[in-house]
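Please look at the protein displayed here before reading the report. The headings lead from the whole chain to single residues.

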Amino acid sequence: MLIGQHPGRRQQDEFLYSRQISAGTIGKTLTGTLTDRAESPQQGVKSLEIGLQIAMELVPAEVTSLSEFARRLDMPPSKVYRYMVSLMRSGIVERNPDTGGYRLGKVALQLGIAAQAKLDPLRAADAILDELHLQTGVPVAASIWTANGPVIVRRSESNSALLIGTRVGTPVSVVNSSIGRVFAAYLPEDVVAPLINAELADPAGPSARQLDAEAFAAIVAEVRANGIAFQRGDLISGIEAMAAPIFQIGDGLAMVISIVSLQRSGNFEPDGAFARLLRDSAQILSVRLGALEAVR
Amino acid sequence: MTRKPSHTADTGNERVNAVQGVQSVEIGMRVAATVALSGPGGMALNDIAKATGMAAGKVHRYLVSLCQEGLIEQRDRSGRYDLGWAAIRLGLGAQLALPHIRECEPIIHDLQVEGGLAIAAAIWTDKGPVIIRKAESYGQLMMDTRIGVPIPVGNTSIGRVFAAYLPTAMSAPLLAAERRNNMPPGDSMDRGQFTSLLKSIREHGLASQSGDFLAGLQALAAPVFDERDEIVMAISMLAPANSPALSPHGPNARKLLAAASRLSRRIREIAGEG
């Protein structure tokens with residue numbers, strides 16, 4: 001049975017394995033060394049790369065028809081079969097006894113578990129934050145959710161004379177910051193609701209700016225629709241900010257990454273260059289943390 | 001083609017070997033499997049060469065391609081090699097082929113509703129139970145379980161649930177190793193006591209423990225069975241030891257048992273549809 005056909009599961013086309021997030025993009029965006037390598041390629045083993053690409057194609061669902069699969073890969077079926085033979089010998093791929101299809105096997109499972117054990121989400125975030133800071137030139141931060149609301153846990157290094165943004169370790173507003181609004185949009189409601197209600201009821205808080213529960217719900221819905229939160233006058237008036245969700249294994253929200261700017265730069269428009277960079281960085285980090293469905 | 005597979009064949013320059021495979025794929029996966037066994041710091045090129053019995057120059061060519069596709073990554077500072085993001089993604093793809101893993105996500109997220117509780121789902125591997133999905137508690141106390149890291153069999157509620165329902169031959173070697181490492185199942189529990197503990201877990205369908213694995217925590221764990229009534233997963237609830245949340249007869253225990261049997265039922269349904 002195909003995974004995508006299962007009634008309890010989303011349709012297969014929604015179960016996204018984005019072709020745009022290729023290995024190359026992720027590698028290149030991540031380490032300077034890999035970028036250099038792409039410019040002056042070191043000698044690798046091309047057929048191993050093809051074999052790995054074929055294996056990755058089996059991530060969203062097993063393959064029942066080899067000829068159809070070969071068409072999708074634009075390769076002769078006999079050649080695809082030879083790769084499958086070796087992937088099966090390595091234990092990466094196995095035949096599904098019920099359907100005869102090709103699916104990822106026990107060694108893939110073991111490699112994945114070993115890699116998960118070695119995964120350090122904050123270290124992975126650091127690499128992305130540094131790269132995003134390099135590309136935008138503005139302060140970049142990563143935040144996690146705590147019992148006191150969002151807390152910034154990482155910031156990119158910045159060498160500008162004036163440091164803006166929130167200090168590491170300071171709780172951030174849920175209602176009145178782009179970071180908080182992303183948490184409000186993607187965490188379970190009963191986790192975020194108590195803090196949102198408390199902030200809305202605070203006479204010194206956002207209610208002073210005519211933000212009630214209904215208006216905030218509309219903002220949160222917009223964040224979900226955009227996959228990103230934009231805000232002008234974020235915490236301090238005059239600051240522009242945007243924040244994006246990072247998903248993890250199981251596709252729950254892991255953290256939020258955000259960028260801020262001190263002045264109107266024109267770069268913080270919803271369809272601007274910074275939004276695209278933030279979105280790309282968020283996708284790449286989500287893939288690295290093991291998100292599958294949430295990546296689009 | 002009547003020739004037999006030969007795994008001892010040549011050096012990998014030849015792309016297609018006798019039984020119509022692509023040998024460099026097999027060699028590359030052997031390199032990746034070797035790196036997978038490395039410790040937290042990864043593995044240096046020379047050590048990979050030694051472990052695989054390949055020349056360093058040749059290993060390097062395979063590593064270049066493994067890094068290109070993300071299965072392996074090279075650490076910036078040390079230059080050592082370790083598993084990369086594509087390994088996680090391949091593993092998740094393999095997990096989705098398993099009904100109990102595919103179906104456990106909505107169930108553990110439903111369980112998360114109670115504030116202050118962390119939920120974890122674990123499967124059995126040859127290194128012991130490994131948590132593969134979790135829902136964090138977001139409480140004051142950080143109780144974040146690590147996905148992918150093997151946990152002890154004898155002194156965790158998850159481990160004990162597996163020990164109670166798996167054939168003894170599967171858990172015994174790990175329990176013996178834990179005893180040798182001065183990690184007996186519980187404080188001063190002898191073999192007889194442990195055996196009767198497992199019996200009581202089977203009677204109640206639930207393991208309950210405080211001081212579980214980490215001091216200051218209490219835990220409950222319940223088994224999930226496949227269509228052959230074999231244990232495939234343990235679902236666990238964690239809470240701070242001082243909170244009353246996890247009495248074995250309390251509402252949370254009932255919720256956990258209901259969730260575990262709902263998942264077992266779902267697995268049987270899927271097997272029936274198959």
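The report below describes a predicted model.

## Overview of chain A

Chain A contains eleven helices and seven strands. Of its 296 residues, 54% are buried. The accessible surface of the chain comes to about 13200 Å², and carbon and sulfur atoms contribute 51% of that area.

Contacts can also be sorted by how far apart the partners lie in the sequence. Among the contacts in chain A with a separation of 6 or more, 56% are between residues 24 or more positions apart.

Strands of a sheet are paired by backbone hydrogen bonds, in either a parallel or an antiparallel manner. In chain A, five strands form an open sheet in the order β4-β3-β7-β6-β5, and the pairing is antiparallel. The edges are formed by β4 (149-155) and β5 (229-232) of chain A, each of which pairs on one side only. From one strand to the next, the twist averages 30°.

One pairing may be examined in detail. Strand β3 (residues 140-146) of chain A runs antiparallel to β4(A), and six bridges join the two. Within this pairing, Ile144(A) stands opposite Val151(A) of β4(A). A helix also packs on the sheet: α11 (residues 273-288) of chain A touches β5, β6 (240-247) and β7 (253-261) of chain A. The direction of α11(A) makes about 20° with that of β6(A).

Helix α6 (residues 106-118) of chain A packs against helix α1 (residues 23-36) of chain B at an angle of about 40°, with the axes 10 Å apart. Because of this angle, α6(A) is oblique to α1(B). The crossing of α6(A) past α1(B) is left-handed.

Which residues make the contact between these helices? On α6(A) they are Leu111(A), Ala114(A) and Lys118(A). On α1(B) they are Ala32(B), Ala33(B), Val35(B) and Ala36(B).

## Ser86 of chain A

Ser86(A) belongs to helix α5 (residues 77-89) of chain A. Is Ser86(A) buried or exposed? Its relative accessible area is 0%, so Ser86(A) is buried.

Leaving aside residues up to four places away in sequence, Ser86(A) touches Gly21(B), Val22(B), Gln23(B), Val25(B) and Glu26(B). Ser86(A) and Tyr186(A) are 100 residues apart in sequence, and their C-alpha atoms are 41 Å apart in space.

How values were computed: Residues are numbered from 1 along each chain as its sequence is written. Chains are lettered from A and ligands numbered from 1 in the order in which they are written. This is a predicted model: local features need pLDDT of at least 70, side-chain atom pairs count only at pLDDT 80 or more; totals for chains, interfaces and linings use all residues. Side-chain values use heavy atoms; hydrogens and water are left out. Two strands pair if DSSP finds at least two bridges between them. Helices (H or I, at least four residues) and strands (E, at least two) are DSSP runs, numbered from the N terminus. Axes are lines fitted to C-alpha atoms, for helices over the stretch in contact, and angles run from 0 to 180 degrees between N-to-C directions. Contact means heavy atoms within 4.5 Å. Buried means under 20% relative accessible area, exposed over 50%, partly exposed in between (1.4 Å probe, protein chains only). Accessible areas come from the Shrake-Rupley method with a 1.4 Å probe; for residues, only the protein chains shown count as cover. Angles under 35 degrees count as roughly parallel, over 145 as roughly antiparallel, 65 to 115 as roughly perpendicular and the rest as oblique. A crossing is left-handed if the near helix is turned anticlockwise from the far one by less than a right angle, and right-handed if clockwise.
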